[in-house]
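Thank you all for coming.

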Amino acid sequence: MEFDTLIDLVKTVTKNKLKNIDILGNTGNDGPMITALYEGILDGKITSDQTAVRKLYEHINIKDKSYQRVKTRLIRQLYNTTFFIDVSQPMFSERSKAFYNCYRDFACAYILITRDAAKAAIDLLEAVFEKAVKYEFIELCAEVTRFLRLQYGRGGADQDKHERYAQFHRKYEEKRRLEMLAFDRYENLINYYIYKRSPSEEVHTMAAQYFEELLPLAKEADTSQFYFHLYQIGVIKCVSTDDNEGGLLIVGQGLKILESRKNSNKGALLSLAINKLTFLLQLRRFEGNEGDEIVEYCLKQVDEGEFNWFRVYEMFFHYCLYAKRYKNALETYEKVVGHPRFKNMNTVMKDNWNLYGGYLQLLKALKQLDPESVDSVVEPYKPTKFINNFEVFTKDKEGMNIPLVLLPFLIELANKTFDASDSTLENLDKYRIRNIDHAMNVRSNIFLELLIVYAQKDFKPQLYHKKLEPSLNALRSREKTTPLQLFSAEIIPYEDLWDLLNAKEPEK
């Protein structure tokens, strides 16, 4: 920084009178109460306005002005304190440090411009621009060059630099437009099946159109973010038609491009790699260590205990079940549910693992896992209590609700305790007809039909084998039975469950 720029900065800060910075830890009349509220929330003793008032005061309610003032000041102090977060801590990657510092400095420069400190603002913006280019913060590049273009153009200050930043501004505005286009197309698709995990024909048509629209623009955009959204759309296009070979090709292309770029977002690499594991699972490719190597690659992209760390292990859990590595699945369950941060996960994530625990209990009943090993890790299965643990899946009638509905029936069949004389079979058939007897859930529909007949015939395969042979062949061949139902709704492959239910008891 030139010294005259430093003089400009000093004068600006001095002219705009400083007041005591209202950040967490600063003293004041309400200081002790603010600290008490903050610490109470931090250690979990204060969880609502009602508990806050009880802890901090004697005879006031939550609408009292003194409490509202303390609460409002704490909120403001927390907002202000975010500008002083120490990003040198190990939890911050180099990219995340750069992201935080760039946007903080950009905010500072913006304030300096509005207070007539143009020299200091320009100096800071040029430093921000250099780093934003390095890390491909395209939106920030566009904003910074817009300001630099304006500042250098005022009063003919520096026409060469004005033209230089004008060119940069046009370039990054166009890249931002293309990134936004790819983002918009991707978001239009992804919202269709975040919870149900079941794409539709409409999604496939949209994905194919979007991919064909965006692919010719890739060279012009040439940013990691554009490539990420492009290849994620390609993945959805393949998933929705069960084109797993095509999916592997798409993922391979995306990873090759992103890995070749110095500062690709680890989250983008992780997402594509997880999709690669999904396609291997769908193709039933379990030979060698390819799946384990992908998981190891994924874990290098995340920090232990963060949300994506749990996502990686969720995918690995499915992979182990499909590969019949049931002991590895149990070990994965123990690692995840036993992690200190698991209790902080969102409701859908917790619902998933509650359900997985139930299927480990099913594998115990099917004599595929040691009972003591399962019971030492998984909560004992009690039907009513088990169902009450779910918040989301019970509301979804054709996605992840399917394995939830099937589980109690499967466990009774595995234990040979099912009573065909009650109304369960009738209720299950009504559920099947109302909710899953359509193209989106072909495999689940076939499997539930098989189970109902199995239970009606007193668990004797010889009584129904010929009648059900076409359905069994459909499950085993997987020919055009899975294009619209993703594997996650089928926790253990139905053909494997069928074989285990019909396995002969070992001779004593």
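Let me begin with residue classes, where Ala, Val, Leu, Ile, Met, Phe, Trp, Tyr, Cys and Pro count as nonpolar, Asp, Glu, Lys and Arg as charged, and the others, Gly among them, as polar. What you see is a predicted model, in which local features need pLDDT of at least 70 and side-chain atom pairs count only at pLDDT 80 or more, while totals for chains, interfaces and linings use all residues. Residues are numbered from 1 along each chain as its sequence is written, and side-chain values use heavy atoms, with hydrogens and water left out.

With those classes in hand, we can turn to the second largest pocket, whose lining has 15 nonpolar, 12 polar and 13 charged residues. By pocket I mean, on a 1 Å grid over the protein atoms alone, an open set of points with protein on both sides within 12 Å along at least five of seven lines, and lining residues are those that have an atom within 4 Å of a point. The space in the second largest pocket comes to about 920 Å³, a volume being the space filled by probe spheres set on the points, with grid points joined across faces, edges and corners.

Which helix gives the most to the lining of the second largest pocket? That is helix 5, with 5 residues; helices here are DSSP runs of H or I, at least four residues in length, numbered from the N terminus. At least two lining residues each are supplied by helix 5, helix 7 (138-153), helix 8 (159-190), helix 11 (224-239), helix 12 (244-259) and helix 13 (266-282).

Helix 5 and helix 7 pack with their axes 12 Å apart, at an angle of about 25 degrees, and that makes helix 5 roughly parallel to helix 7, since angles under 35 degrees count as roughly parallel. The axes are lines fitted to C-alpha atoms, for helices over the stretch in contact, and the angles run from 0 to 180 degrees between N-to-C directions. Helix 5 passes helix 7 in a left-handed crossing, the term for a near helix turned anticlockwise from the far one by less than a right angle. In the second pair, the axes of helix 11 and helix 13 come within 10 Å and cross at roughly 20 degrees, so helix 11 is roughly parallel to helix 13; their crossing, too, is left-handed.

Cysteine 108 and leucine 124, 16 residues apart in sequence, are 8.4 Å apart in space, C-alpha to C-alpha.

The structure holds 2 cavities of 30 Å³ or more, a cavity being a set of grid points where a 1.4 Å probe fits but cannot get out. The second largest cavity has a volume of about 40 Å³, and its lining has 9 nonpolar, no polar and 1 charged residues. Among the lining residues are Tyr359, Pro403, Glu490 and Tyr494. Helix 20 (401-414) and helix 24 (494-501) each supply at least two of the lining residues, and helix 20 has the largest share, 3 residues.

Helix 24 also holds leucine 500, which is buried, with a relative accessible area of 17%. The C-alpha atoms of leucine 500 and leucine 366 are separated by 6.6 Å, although these residues are 134 apart along the chain.

Finally, the backbone. Aspartate 222, in the loop between helix 10 (218-221) and helix 11, has a positive phi of about 50 degrees although it is not a glycine, and at 33% relative accessibility aspartate 222 counts as partly exposed. Lysine 416, in the loop between helix 20 and helix 21 (424-436), likewise is not a glycine and has a positive phi, of about 55 degrees; at 44% relative accessibility, lysine 416 counts as partly exposed.

Key
Angles under 35 degrees count as roughly parallel, over 145 as roughly antiparallel, 65 to 115 as roughly perpendicular and the rest as oblique. Buried means under 20% relative accessible area, exposed over 50%, partly exposed in between (1.4 Å probe, protein chains only).
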